[in-house]
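I opened the model today and kept notes as I went. The entries follow in the order of my look-ups.

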Amino acid sequence: MDLLSGRKANEIFEGQVHVYKHMYAYLDSMCLKWCIELEIPTIIYNHEKPITLHELISILQVPPSKISGVERLMRHLSHNGFFDIVTIHDDDGGDENKEKKEAYALTIASELLVKGTEYCLTPMAKCGLNPLMSSSFNLLGKWTLEKNLTLSEISLGTNLWDFLSKNPSILTSFNESMASDSQMVKLALKDHSAVFEGLESIVDVGGGNGTISKIISDMFPKLKCIVFDLPHVVENFSGTTSNNLSFVGGDMFNYIPEADVVLLKWILHDWDDEHCVKILKKCKDAISKNTKEGKAIIIDFVINEKQDEFGLTQMKLRMDIAMTSMNGKERSEEEFNKLFLEAGFQDYKIFPLTGMYSLIVVYP
Ligand SMILES: C[S@@+](CC[C@H](N)C(=O)[O-])C[C@H]1O[C@@H](n2cnc3c(N)ncnc32)[C@H](O)[C@@H]1O
Ligand SMILES: O=C1c2ccc(O)cc2O[C@@H](O)[C@@H]1c1ccc(O)cc1
């Protein structure tokens, strides 16, 4: 059979555009990184109004030879939804000389990249776009043919957690990236606060710097929150304990401190099914027998291709590939259900949160 025979030329060229779009998609990531490195969203925010190219290059002190580069970056990012191009009336020189000019305004996506704000995602972008983290994905072909090695073992020489423990500056960047993602969950948790009502204690397993725990403990000041993570992770945060929030170091495969509720945010997707069942069994042991409110709360992506819109599934499937680096994966409801049953849980309920995450309540 002749490949492409019977196809119209325009259909074949559409196929070419599709291939090229994906081939060069990394340039979208690189432009995002470029924009963050130059702190363009923060500059526009501090400018307090849409910024012209002339104003931007003057603040950035761009040499004349690179002005067209910045102009192209701004065109690329505006085309991709990071800036709106708006018309402004430049009032230099009085009424009669008012000139119409194009200027760049922040969109929601670039507002999320303004440094130092509550929902700033710059730490996530900086960590994810660090070549040490992203270059492993050049080795997926090699990984496929290696029987027993994870992608991180091939690219970093060890698993991610071990690598982070030996590279303190990357560990800090990783923890900050996780914290920025957790901070976003605050926007969605408010609508589901009922699942935390009536509880006395919660243990946030793999809780990193405790961002989610702090959000929950601020919502429920009487709730005792324990942030549980690897010893070298929690030792960095023991200074941030408060009345109702403490840090405990340990290994979730050995022992999890007892609490009414065990919280797992972005933990299960890091692991294969066998490890997940082990974690869930330890969670079940940790859930206090002294309350009828005992449960596990999981915050993770749930793949739902039929229900989610294309872009959301695309994002979840990208993260699924990222999780490949550690033998983890993103799961569908059926795949989660299988894990819960195998670990001895009786029932579960899924609440899709606004955004990418779902909240899954699992009953022992
Ligand atoms: C993907 S991060 C999630 C952090 C946090 N839950 C969040 O969503 O922001 C996974 C966390 O699991 C922790 N972790 C990995 N292995 C662990 C283990 N054996 N016991 C306890 N924590 C572990 C890591 O140190 C890391 O903080
Ligand atoms: O490494 C990354 C990671 C690891 C574990 C996890 O649960 C979430 C993660 O999200 C990212 O920050 C991070 C990552 C994701 C995608 C990518 O291309 C590079 C790094």
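**Entry 1: helix α13 and its partner**

I began with the buried residues of α13, and they are Thr211, Ile212, Ser213, Lys214, Ile216 and Ser217. I note here that this is a predicted model. Next I asked what the buried residues of α13 pack against. I found one helix, α12, and the strands β3 (201-205), β4 (224-229), β5 (245-249) and β6 (261-265).

I then took up the pair α12 and α13. Two packed helices are described by the angle between their axes and the distance between the axes. Helix α13 covers residues 211-219, and α12 packs with α13 at an angle of about 30°. Their axes are 8 Å apart. Angles under 35 degrees count as roughly parallel, so I logged α12 and α13 as roughly parallel to each other. I also logged the crossing of α12 and α13 as right-handed.

Which residues make this contact? From α12 I listed Ala179, Ser182, Gln183, Val185, Lys186 and Leu189. From α13 I listed Thr211, Ile212 and Ile215. By class, the contact of α12 with α13 has 5 nonpolar, 3 polar and 1 charged residues.

**Entry 2: helices α4 and α5**

Helix α4 spans residues 53-60 and helix α5 spans residues 67-79. Their axes come within 11 Å and cross at roughly 120°. That makes α4 oblique to α5. I recorded the crossing of α4 and α5 as right-handed.

For the contact, I read off Leu53, Leu56, Ile57 and Leu60 on the α4 side. They meet Ile67, Val70, Glu71 and Met74 in α5. I sorted the residues of this contact by class and got 7 nonpolar, no polar and 1 charged.

**Entry 3: ligand 1**

How many residues are around ligand 1, and which come nearest? There are 17, and Met178, Gly206, Gly208, Met252 and Trp266 come nearest. Helix α12, residues 168-189, gives the most to this shell, with 3 residues. The class count for the shell around ligand 1 is 8 nonpolar, 4 polar and 5 charged residues.

**Entry 4: ligand 2**

Met124, Cys127, Gly128, Met133, Ser134, Ser177, Trp266, His269, Asp270 and Ala322 surround it. I spotted Trp266 in the list for ligand 2 and had also written Trp266 down for ligand 1.

Which helices supply at least two residues each to the shell around ligand 2? I found α7 (122-128) and α8 (131-134). The largest share, 3 residues, comes from α7. By class, the residues of the shell around ligand 2 divide into 5 nonpolar, 4 polar and 1 charged.

I checked the backbone next. Leu4 has a phi near 70°, a positive value in a residue other than glycine. I placed Leu4 in the segment before α1 (9-23). Is Leu4 buried or exposed? Leu4 has 10, so I marked Leu4 as exposed.

Glu48 is not a glycine, but I found a positive phi of about 65° there. Glu48 lies in the loop between α3 (40-47) and α4. I counted 7 C-beta neighbours inside 10 Å, so Glu48 counts as exposed.

**Entry 5: His89**

I then went to strand β1, residues 83-90, where His89 lies. His89 counts as exposed because there are 9 C-beta neighbours inside 10 Å. I looked for its contacts, not counting residues up to four places away in sequence, and found that His89 touches Lys98 and Lys100. I also took the C-alpha separation of His89 and Lys101, and the value is 6.2 Å. These two residues are 12 residues apart along the chain.

**Entry 6: the whole chain**

I counted 17 helices and 10 strands in the chain. The chain has 364 residues, and 32% of them count as buried. Along the principal axes, the C-alpha atoms fill a box of roughly 75 × 65 × 40 Å. For contacts with a separation of 6 or more, I noted that residues 24 or more positions apart account for 59%.

Conventions:
Residues are numbered from 1 along each chain as its sequence is written. Chains are lettered from A and ligands numbered from 1 in the order in which they are written. This is a predicted model: local features need pLDDT of at least 70, side-chain atom pairs count only at pLDDT 80 or more; totals for chains, interfaces and linings use all residues. Axes are lines fitted to C-alpha atoms, for helices over the stretch in contact, and angles run from 0 to 180 degrees between N-to-C directions. Helices (H or I, at least four residues) and strands (E, at least two) are DSSP runs, numbered from the N terminus. Angles under 35 degrees count as roughly parallel, over 145 as roughly antiparallel, 65 to 115 as roughly perpendicular and the rest as oblique. A crossing is left-handed if the near helix is turned anticlockwise from the far one by less than a right angle, and right-handed if clockwise. Two residues are in contact if their C-beta atoms, placed from the backbone, lie within 7 Å. Ala, Val, Leu, Ile, Met, Phe, Trp, Tyr, Cys and Pro count as nonpolar, Asp, Glu, Lys and Arg as charged, and the others, Gly among them, as polar. A residue is near a molecule or strand if its C-beta atom, placed from the backbone, lies within 6 Å of it. A residue is buried if 20 or more other C-beta atoms lie within 10 Å of its own, exposed if 12 or fewer, and partly exposed in between; C-beta atoms are placed from the backbone.
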